[in-house]
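Thanks for coming. I will go through one model today, helix by helix, and then take a few single residues.

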Amino acid sequence: MSSSCDPRHAPAGDVSAALMVIDSRLKAVYDGRTRTDPEQQAMIDQFAASLGPRGVDDVLDGACTLIYMFMQWLRMAYEEHDEDVIACVVPNLVATMRMMPKSVRPEAIPTMAGLLVAAGTGLSPGLWRKQYGYWTEGEMTPLEATAFLLAEHINRLTDDRDFATRMISEALSQADGD
């Protein structure tokens with residue numbers, strides 16, 4: 001039986017823009033810059049403002065696509081070791097988000113955990129979220145943090161700081177070639 005949250009029904013969105021944001025955050029953290037650079041934030045804000053409402057929706061869909069792709073990769077990696085992606089990833093990310101109260105408000109954590117569970121069980125996280133209404137302003141940074149934390153988790157597992165970004169970039173290149 002097909003679900004209304006089946007990824008085949010989900011828009012991919014602007015995966016490249018979402019990946020650019022996540023990759024820039026990863027590089028900043030790996031370079032030891034853990035505080036938000038005001039110039040970088042101003043550029044991101046200006047970029048978001050230039051997109052307009054449809055463009056912002058596309059980047060949100062792109063972030064959800066990243067979350068889905070990261071969780072699918074993690075699911076396969078954990079299954080190779082007879083482990084469950086939900087049990088191995090979700091508690092760790094929730095605990096990490098709880099330690100980020102300035103970026104991730106406590107009330108956003110259940111939604112982000114739901115996105116992870118949806119993606120880990122093969123559902124579109126974007127479609128899963130949309131059944132509860134439109135994204136709120138308070139969910140924007142937690143959504144970014146969720147995608148960031150998944151990418152960083154993958155990079156740690158592979159012992160390669162660029163693995164998650166490269167994996168998505170290669171998938172986008174293959175899709176463009178098809």
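First, the ground rules. This is a predicted model, in which local features need pLDDT of at least 70 and side-chain atom pairs count only at pLDDT 80 or more, while totals for chains, interfaces and linings use all residues. Residues are numbered from 1 along each chain as its sequence is written, and side-chain values use heavy atoms, with hydrogens and water left out.

Helix α1 has 16 residues and spans 22 Å from its first C-alpha to its last, close to the 22 Å expected at 1.5 Å a residue; the expected span is 1.5 Å times one less than the number of residues. Its buried residues are Val15, Ala17, Ala18, Leu19, Val21, Ile22, Asp23, Arg25, Leu26, Ala28 and Tyr30. Buried means under 20% relative accessible area, exposed means over 50%, and partly exposed is in between, with a 1.4 Å probe and protein chains only. After α1 comes Gly32, with a positive phi near 85 degrees.

Now the partners of α1. How do α1 and α2 cross? Helix α2 is residues 38–79, and the two axes come within 7 Å and cross at roughly 120 degrees. Axes are lines fitted to C-alpha atoms, for helices over the stretch in contact, and the angles run from 0 to 180 degrees between N-to-C directions. The two helices are therefore oblique to each other; under 35 degrees counts as roughly parallel, over 145 as roughly antiparallel, 65 to 115 as roughly perpendicular, and the rest as oblique. The crossing of α1 and α2 is left-handed, that is, the near helix is turned anticlockwise from the far one by less than a right angle, where clockwise would be right-handed.

On the α1 side, the contact with α2 uses Val15, Ala17, Ala18, Leu19, Met20, Ile22, Ser24 and Arg25, and on the α2 side Gln40, Gln41, Ile44, Phe47, Val59, Gly62, Ala63, Thr65 and Leu66. Contact means heavy atoms within 4.5 Å. By class, the residues of this α1 and α2 contact are eleven nonpolar, five polar and one charged. Nonpolar covers Ala, Val, Leu, Ile, Met, Phe, Trp, Tyr, Cys and Pro, charged covers Asp, Glu, Lys and Arg, and polar covers the others, Gly among them.

Helix α1 also meets α6. Their axes come within 10 Å and cross at roughly 60 degrees, and the pair is therefore oblique. The crossing of α1 with α6 is right-handed. From α1, Val21, Ile22, Arg25, Leu26, Val29 and Tyr30 take part, facing Glu144, Ala147, Phe148, Ala151, Glu152 and Asn155 of α6. That contact of α1 with α6 has eight nonpolar, one polar and three charged residues.

Next, helix α4, residues 109–120. Helix α4 is mostly covered, with ten of its twelve residues buried. Among the elements covering those buried residues are α2, α3, α5 and α6. The axes of α4 and α6 come within 10 Å and cross at roughly 45 degrees, which makes α4 oblique to α6. This α4 and α6 crossing is right-handed. Met112, Leu115 and Leu116 of α4 touch Pro142, Leu143, Thr146 and Leu150 of α6, giving six nonpolar residues, one polar and no charged. Just after α4, Gly122 has a positive phi of about 90 degrees.

Val90 is found in helix α3 and, at 10% relative accessibility, counts as buried. Beyond its neighbours within four places in sequence, Val90 contacts Val85, Ala113, Leu116 and Val117.

Last, the loops. Most residues other than glycine have a negative phi. Asp82 sits in the loop between α2 and α3 and counts as exposed at 75% relative accessibility. Asp159 also has a positive phi, of about 55 degrees, although it is not a glycine. Asp159 is in the loop between α6 and α7, and at 74% relative accessibility it counts as exposed.

Key:
Helix = DSSP H or I, 4+ residues; strand = E, 2+ residues; numbered from the N terminus.
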